Number of protein chains: 4
Amino acid sequence: MTADSAVQFSLVQLDDYGPWTVTPEPRRETSLQALQSRLYADLADFVGDRDGYVFPGRFDNMVAATNGIDPVAHRRFQERVRNHYPVTASIGVGTGETPAAALGAASEQLQTTGSAQDADRRERLAAPHERSPTGPLSVAHFDVVDATGTYTDRVNAVDAELIVRRATATLAEYMRRDHDAVTSFVGGDNVIAICPVLSDSAYDEAVEHVRAATDVDLRVGVGTARSPFAAGQAAKHALETGRETGASVTTPDSAPVNADD
Amino acid sequence: MTADSAVQFSLVQLDDYGPWTVTPEPRRETSLQALQSRLYADLADFVGDRDGYVFPGRFDNMVAATNGIDPVAHRRFQERVRNHYPVTASIGVGTGETPAAALGAASEQLQTTGSAQDADRRERLAAPHERSPTGPLSVAHFDVVDATGTYTDRVNAVDAELIVRRATATLAEYMRRDHDAVTSFVGGDNVIAICPVLSDSAYDEAVEHVRAATDVDLRVGVGTARSPFAAGQAAKHALETGRETGASVTTPDSAPVNADD
Amino acid sequence: MTADSAVQFSLVQLDDYGPWTVTPEPRRETSLQALQSRLYADLADFVGDRDGYVFPGRFDNMVAATNGIDPVAHRRFQERVRNHYPVTASIGVGTGETPAAALGAASEQLQTTGSAQDADRRERLAAPHERSPTGPLSVAHFDVVDATGTYTDRVNAVDAELIVRRATATLAEYMRRDHDAVTSFVGGDNVIAICPVLSDSAYDEAVEHVRAATDVDLRVGVGTARSPFAAGQAAKHALETGRETGASVTTPDSAPVNADD
Amino acid sequence: MTADSAVQFSLVQLDDYGPWTVTPEPRRETSLQALQSRLYADLADFVGDRDGYVFPGRFDNMVAATNGIDPVAHRRFQERVRNHYPVTASIGVGTGETPAAALGAASEQLQTTGSAQDADRRERLAAPHERSPTGPLSVAHFDVVDATGTYTDRVNAVDAELIVRRATATLAEYMRRDHDAVTSFVGGDNVIAICPVLSDSAYDEAVEHVRAATDVDLRVGVGTARSPFAAGQAAKHALETGRETGASVTTPDSAPVNADD
């Protein structure tokens, strides 16, 4: 890893959202859930269209790896939110050598525009025109070994979810602390981490850490490329290979993939 | 609480979803995120329309408190999924004295119809025609005290989310183990638990448990009613009262609400 | 047909929508198209969930046959629009012996609440609590004979659409003038009319009128029931029968259907 | 106008859609309406994101002016449909000196891939790699003079729609025949035509033609640029100017606009 930044993250924050949800009185919870989920889906399609990756974060603060996505595109997304939803969004964009550093920079950018609950702050875009990240990034796509047979088809859904969420939290904290990665549960038994380029043994240790702490067996496929999408597709292919070979960790070295860079 | 069941839960499971996501090869992650989120949003509106409550679960296994929602309505939702999405859904419905027991019964119902990854299982509805739950249930709506000032406006978004997710996991496991509740993060700094009717001190202890384990300060508003929506709205009003009074726990006794039963 | 009203229509009007579309300056046309279409889709699902029928109208003025849908449900839809969109909706509800009379009554109800471009009018619901319609209504589902072979697979799409739209306009005006029906193009080569109960010969004459005026060959299936959905499903089955038999007009008498009343 | 093509159109056709709507038996009409509308909304956002313009056409055959949108982007849209909907789409792309010629070319391209109701034709993309259109195009944005005061606030909604639809059909046929334009109703009292570059008097005559034939008073703003979006925004600004000045026809000459080319 050089001194050049490798990753760009964007933090998409709904403006003054908390107060809106209870004005003039608390809105129906299911409606709020639906609103948040649809807005996130639109962000996912928007970012995916530009070969980025996206996580729901806390839904009022959504997170995207946006290498190569410029401020004009970010403005376009803000326009879409304004035209389609009863809320607006501000966005901070940051770059860094690691995913966590980039998201930290994005967070600071956004924080300088005002509070998330400042009623006067609307549709800010804090996107310093820096040189676009040039380094590669890795996507690590984890799943739970035989989640269907072990959990989904056997135990109370409340417990299956607690187990997967516990493993996710443990993994996410570990990857943040030891590798400056940004990690999120993405549905089913899948957890995705956007990482700096790491050694295979780093992933071995991560899987071992989660097993020791939570008794959950993870498997991971890793891809490395310049765009989050290309890295992510390579990771998915590597994970498929791992499902076949039974390997805990499958990386581009162990399983060559043909995703475009 | 009598021997009568108090709660009905429905477990909505996408049929053979994991395999679909990688057939013929892995689909774009952002597209999957968008699909799952929109389908969940539709479930939220559907259940909300009938005064239920809903949680995303693991997205391929979504969870709803569905007191008073009959099998015909569940079929209607399956029809909607079939007509609007490239996937289908099976549903298990269960009742119980507690939320976790009801969701456990729903899980078992669904498991008897076949595996989540059985390619031949499609659109099953396992909904035993039992007497509809008659007892009241509680909704406990938690949030983090001054989350915006303490976290959102100050720290790296990656850490803000880790903190909230850790508090959620700790609370959810505690409420499941000690009170047979079903708990979920629902966005922002909000966590909702569907609970049996509990004493005020039970909530005091839950808040204290999370504070001791994670150093996160929660506040909670509690509502009790026969429909999840009515209980949930009462909880939201109680939480608003708590924000004003500074009380950690606000229940119907401490803050009378006027939501319909 | 007795003096009792047979049909209820609802007119859903976006509040002050025209001015919104150009404030502070003209919004992107494709965004407006997307907004209108999604809002209409939500109305379609909402009304369909309650066994009504729905037409896009002019998109800022949407039309629904809402027999049996009460004011509380209409309020629920207004709440959903408010929670999910940057615009709000007012609704007029009317009943009548014929569809056009009912929609006329709904129009008058709505007009009494203020102008469509009154900036102060928001979320009005003008729904006189009258006795719910008790009479049956008919749904006539038309399509173009061999539209795919004659038009879609052969001619310039601009002309295929002009032909279908011309036939629709001609049919809609005829059905309104001669039978007080409400008629709409619903996609593909399909046109649906909500009608009073008419004789078979009335449909023969309608088909003949369109053929004489536009040279387009229509076929129609007719269903009659107390709910728009049941009538509409019967009409769809009748149309399928007509596709097999080659009959221009297929009614419940000519093709018994098993849709519930 | 030179021999160079000025416009690119894309015809997006749902594969084997008619049969799907009645398999295994007729699907709920409101569900089909919702599906079509959401899919169209997604197309509108997708094309709008790339500065194109879009019309609903017949919903199973949607129409877009796609100058500058390449085959890769079209493939991306097909991927999105496949991942989000129970149906798939084929697309024909064509270029021409006029909008109607371009849409005709797109229609022919699509027709060569097989019938719209060929069960074996899925996700074809017929996009000849020709030189991208270089000439300018015009967008003419029409509305009805005082539609709210004359119709919406006064007459039965069934009649208000018939009047607007009749005016649209008359205008669309005229613009197709005399100017090779592609015209569509887009909601409210708005009709948009994508046109070759025409003289002001051509628009005067179009407005006069509709007035003579239908007694409906139209007004039009015209914009000319290389992208449909830029031309469309200029047309919207021109129409706003016309609303202020009362002019029937406002063109870039009469009202300079500052939309980007």
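Reader: Is Phe46(B) buried or exposed?

Author: This is a predicted model, where local features need pLDDT of at least 70, side-chain atom pairs count only at pLDDT 80 or more, and totals for chains, interfaces and linings use all residues. Residues are numbered from 1 along each chain as its sequence is written, chains are lettered from A in the order in which they are written, and side-chain values use heavy atoms, without hydrogens and water. Buried means under 20% relative accessible area, exposed over 50%, partly exposed in between (1.4 Å probe, protein chains only). Phe46(B) has a relative accessible area of 4%, so Phe46(B) is buried.

Reader: How many aromatic pairs does the whole structure hold?

Author: Rings of Phe, Tyr and Trp (its six-membered ring) pair if their centres lie within 6.5 Å. Planes under 30 degrees apart count as stacked, over 60 as edge-to-face and the rest as tilted. Over all chains, the search finds twelve.

Reader: Why is the pair of Tyr40(B) and Phe59(B) given its type, and what is that type?

Author: The ring centres of Tyr40(B) and Phe59(B) are 6.1 Å apart. Their planes meet at 80°, so the pair is edge-to-face.

Reader: Is Tyr40(B) buried or exposed?

Author: The relative accessibility of Tyr40(B) is 2%. Tyr40(B) therefore counts as buried.

Reader: What type of aromatic pair do Phe46(B) and Phe77(B) form?

Author: Their centres are 5.2 Å apart. The angle between the planes is 55°. The pair is tilted.
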